[in-house]
Amino acid sequence: MIALTLLMTFSAVSANAQSKDRRKSFKSWDNYEITTEKVGVDGTKFVKVWGFGRTVDAATMAAKENAVHACIFRGLPGSATAMSTPPICPNPDTLASHEDYFQTFFAAGGPYLAYVSMTTDGVPSGTDRRKVKGGYKVGIYVQVMYDNLKRKLEADGIARKLSSGF
Amino acid sequence: MMRNTLLSVLSLVLVCWSASAQEKIKEVVTSNYNRNSVSIVNIQRGDSYDSNTQRAVSGFSLGDKYDINNIRTKSLRMPKTRTEGVSQTEVDEVVANTAFAREILASIFNRDSNGMMDDKTVRYRGNYDAKDQDVINARAARVGTDALGDLGHGLVSGSYIVLTDFYKIERNTDSKGNVYWTTNAQAYAYKIGMDRDALDSFYEQCWIYDDDDQAAREAKNRAFRNLDIPMIPVARATSAGTGSSVEEAAESCMGNLITGLENRIPAWEVAVSIIGKRPLRAKIGTKEGLKNGDRYRAYSYTEDRNGNLKSVKRGFLRATEISSNTGMSIGETEPSKFYQISGIANIDEGWTIKQSNDAGIGVALGPKFLGLGNSVGIGLDLDYLMNVSNVGSMSYFLLSGSIDLGKSDYLPLFVGLGFGYGLHLTRMFEIMPYAMIGGEHMGYSNSDKSNDRFLRESALVLEPGVRAAVNVAYPLQVFAKAYFDVLTLQGPLYKMYNEQVGHKSGLGIQFGLKWTF
Amino acid sequence: MKKSLAIAALLLACQFMGWSQAKKPTIMVVPADAFCERYGYVQQVNTMGETVSSPDYSRAMKENADIRTLVSAMADFMAKNDFPIQSLEQELKRLQTEDAEMAMMTGRSGGEIEETPLERLRRTARADIILDLDYEIHRVGPQKQVSFNLQAIDAYSSKIISGNTGVSSAANVPLTSLLEECVLSFKDNFLSGLQHHFDDLFANGREITITFLRYDNCPFYFDDDIEIDGEDYEFGEWIEEWLQDNTVEGRFTTGASSANRLRFNQVRIPLYAQNRKGRDVAIDADDFVKPLVRELRKKLNVTVGASPRGLGDVWITVGDK
C-alpha cells in the first residue's frame, strides 16, 4: 500500500514536472529554421523545416511540430517565388491565453499531426541529418494543411474568422 | 603481352593513387548529384594516326551515366608530332578559339539554321534526372509535376567537353612475331562557364519567339554569334593502352581516361543517400552507370561548435545488386543494394554515399613458410574482385607468384592462377577458400637452348587453400593463408633439379599485408 | 477567476455580435489601369471636350481568359472565407442599363455628373473593397513567369488595405498553373491584410466621406452665419460640431470648405448605432447622416437630401433633393 502511494505520488510529481517542462519549452519555442519551398497545392504550405531531438525520429517529430507552430504563431518566410505567409494567430498573447488548449494540441500524438504530412522521400538524409551535441538535427520537407488548420482554430475559437463581426 | 598487362595495371594503380591523394582536400561532401552532359572531341595532329584515333573516340560509348551533347566539332587540329602530349596551355588556347559553349547551347536547344530553338532536350533531361524527392516535391507544389522538365535548365551548367590526345603511338612485335600497338593517352575536361544568371541573359538576348519580327530575329542571331561564354579547364587524366591495331589501342585507353576524370571532377562522382539497411540500399542504378563491385564511401554529417556543417568520412561499401532505373522517376525508384566492407560504425539510413572508384585489385605480400620447399619463401598475390553478393561474399580471380628463398641456386619460382570465394562473417573479416593451378619452374644455368626446356624444367602444382584477412585500416588488411601444394607432372629436368632441391607436396602457410587499389 | 472573466467577456461579445451584425463589405476584382493599357483594353472617353483614354473593363473581361482564371481563383478562396466576390461582368451589364437612366437624371440637378468609368463602376457596383489586379507574363526563353501586383483598396477612403507583389515560378507549364500559383502565393497575405483592416474597422469605426453640396434654392451659403437654436453659427462650423459629437472619438478631417461645398474625409463612424426603438443596428454612411439630415431640416427649414454613394460616401444636398 505504501509502495502504491509512493508510486502514485512519484508519477504525479513526474507528470507535473513534465508538464512544467513543456510549459517552459513553450515559452522558448522559437528556435528553429523554416523556409518556404514553393507555393503548395491549394490549401497547403510546402515548407522545409528543421527539428532537434535525441534521436532522428524524435527530431523528425519536433520538426513536424515546428512546422505547425510556425503556421500558427510565427508565419512562414517567403521565397523567390512564394510570398510570405502570415501566422494564423498574429496576436503574441494567443499562446499564453490558450496555453491549455495548445498543451493538448501539441501533445505527443496530438491533434496537430492531422495538419502536417512529411513529404521527405524516406528518412531525413544527407546534409538534412546532422549529428549535433545531444542528439540530431534534421531537416524535412512537409506539407502543412494550412487552410484546414486555420479552420480548426477558428472553429475552436482560437483564431478569428475573417467574417466574424459581420 | 605480359608487359602490356603490367603497364595497364600500373597505370590504373597510378590513377587510383592520385585520386585518393586528391580527396585530402577538406570540403563538405554533399549528396547533390545531377547528371552531366559530355561531348568528346579528339585532338588530331595532322598525321596518319588521326583517322584511327578518331574512329576509336567516335566509337566509344560513355554509357548511361552521361548525356551526350552532339556538338558540331568532333575533332581539333593541333599540328605537333606525337612524341609528346599536348600541354594544358596549348589546349587552353585552342579551346578558347573554338566556340564550344555556343555549340553546346545549339545542341542542347536544338538550334536550327534560322536560329529557332526549343527546350525539348532540356525538358527530357530534367524529367530524366529528376529523383524521387524531386517528384514528391513537385506533387506538393502548385505548379506540379509539369514543372519537373524545367529542372533541366539547371543541368545546362553541367555541360563538359573532353578532349582526347593520343601520343607516343608505337608499333611493337612480340617474341612470336605478332604485331601490337601501344599508345599513351590523355584527356582534358572543360566545363561550360554558365550559371543560372548567364543562362537567363542568354534567353533574353538570343531566344527567338514566334512573334518576333525580322529585325528582332536578326538581332538575336547576331547576339548568339557574339556570345562569349568561357570553357573552364577542370581536370586532366592520363592512361596507356595496347591493342592489335592503333584503333584498338586507343579504344582501350578511353575507359580509364573517363574513370580518371571522374576521380578528379567531384560533380561527376555519383552521390546519393542510403534509404534503408539490411541490406544497405540507395536509389541509384544503371542510370548512373552503377556496376556490381563499384566502390562508394559513406559520409555522415555533424555541426561544429559554430554550427558549420562538416562531413565525416565513414566506411566504404560496394554495390551488389544493381537496379535498373533507366526510366523516368515516378517517386518509387527501385534501389540498388550495397555491402559495407569497412568502417567501425554500421552505415546508417540517411548517410550520404559517394562514388569512390577503385580498380578492385588487391595486392598481398608476405613471407611463406613450409609448403613445397619446406622452407622460407616470399609470395605476392594479386586478386581481382569479380563479383560481390548481397551478403558480402566476393568472387576473386587470383594471380599468385612466389619464390623459394632457401634454394636460390635453382631459383624455384611458382606462378599460379585461381579462383577464390571470400565469405564475410563480419565486414572486418574475410575468409576465402580458393583453388589455384600453376607451375613451378626451376632453372639452372646450362647450355640447353631447346624450345621445350621451359616445360621440362617445370612441374604442375595444384593448390587448394584458405586465406583469412582482417581490416586494419581499410584498404590495408593483414592476412594469413594456409594451403596444401600438390606437386605433380614434373618435367624431367625439374625432376633432376628437384633431387637437389627436395620440393614435395606439403602444407604451407603465409602471413602478410594486403592493400586494395 | 481569470477564466470565468474570460468566459463572461466571450459571452458578452457573442451577445453583442448576436444583436447586431455589421454589414459585410462587398468585394470586387477590377483589372488595373496599367494592365488594361498594356493589353490595349482602353476606350476613348469624352470628358469636358477632352478625349481621354480610360480602361475598357468589359472588353478586358470578355477577351482575356487569363484574368477570368485569376478572378475565379480568387472568388473561390474568398467564398471559402464567407466573402463572395461580386462579379465585375454582371456589374458591367447592370451599368449599361443604368447608363440610360443616368442620362435622364442629369436634368434635375442642372449640371452633368462627371465620372470616370471606374468611379461610375464604384458607384454603381458599390463594392466596398476594390481588388486592383495587375499581372504581366514574362517570357524567359522557353519558360514563362508571371509577375503580379494585387492591391486591396478601400473604395471610399481610396486607401490601400493590402498590397501584394511577387512572381510565380519560371516554368514551361500551362499558364493557368502559373496564374493559380500566383493567387495561392498571395492568398494568405492578402487575407491577413483584410483581417487587419476589419480589425481596424471594429476598433476605430468605419471610415467614410461626407460631402455637402449647395443647390441654388438654398437660402444661404455654407460660409454664411445662420441662426440655429438662437445662436449664430457659420453653417460649416455647426456641422463640424455635430460631427465632433457623433464620430468615434471625434475623428474626422475637413477636406474642403467653400461657399457651395463642404467635404469631410476620414470620418470615423461607429459600426453600430441605436435605432429609434433603442436597438443596436449596423450602420453605413447613409444611416449615419440620417439624424443630421433630420436635424438640419427641422432647424433650418430647408430641403435637405442625402444620396449615398456606396456604403462609405454620402452626398448631402442642401436646398433641393
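Which residue is the bridge partner of Arg130(A) in β9(B)? The partner is Tyr301(B). The model is a predicted one, in which local features need pLDDT of at least 70, side-chain atom pairs count only at pLDDT 80 or more, and totals for chains, interfaces and linings use all residues. Residues are numbered from 1 along each chain as its sequence is written, while chains are lettered from A and ligands numbered from 1 in the order in which they are written.

The bridge belongs to a pairing of strands from two chains. β4(A) pairs with strand β9 of chain B, residues 295-303. The sense is parallel, and the pairing runs over 2 bridges. Two strands count as paired if DSSP finds at least two bridges between them. Strands (E, at least two residues) and helices (H or I, at least four residues) are DSSP runs, numbered from the N terminus.

The contact between chains A and B takes 22 residues from chain A and 19 residues from chain B. Two residues are in contact if their C-beta atoms, placed from the backbone, lie within 7 Å. On the chain A side, β1 (34-38), β4 (129-132) and β5 (135-144) give two or more residues. The largest share comes from β4(A), with 4 residues. By class, this side of chain A has 8 nonpolar, 7 polar and 7 charged residues. Ala, Val, Leu, Ile, Met, Phe, Trp, Tyr, Cys and Pro count as nonpolar, Asp, Glu, Lys and Arg as charged, and the others, Gly among them, as polar.

Chain A is also touched by chain C. Here 24 residues of chain C are in contact with 13 residues of chain A. On the chain C side, β7 (160-167) and α7 (175-204) each supply at least two residues. α7(C) gives the most, with 12 residues. The side of chain C that touches chain A has 10 nonpolar, 10 polar and 4 charged residues.

Within chain B, the domain assignment gives domain 1 (37-266), domain 2 (272-355) and domain 3 (361-516). Such bounds come from an automatic or database domain assignment. The centres of domain 2 and domain 3 of chain B, taken over C-alpha atoms, are separated by 36 Å. Their contact takes 12 residues from domain 2 and 9 residues from domain 3. On the domain 2 side, β10 (309-319) and β11 (336-340) of chain B give two or more residues. β11(B) provides the largest share of that side, 3 residues. The side of domain 2 that touches domain 3 has 4 nonpolar, 5 polar and 3 charged residues.
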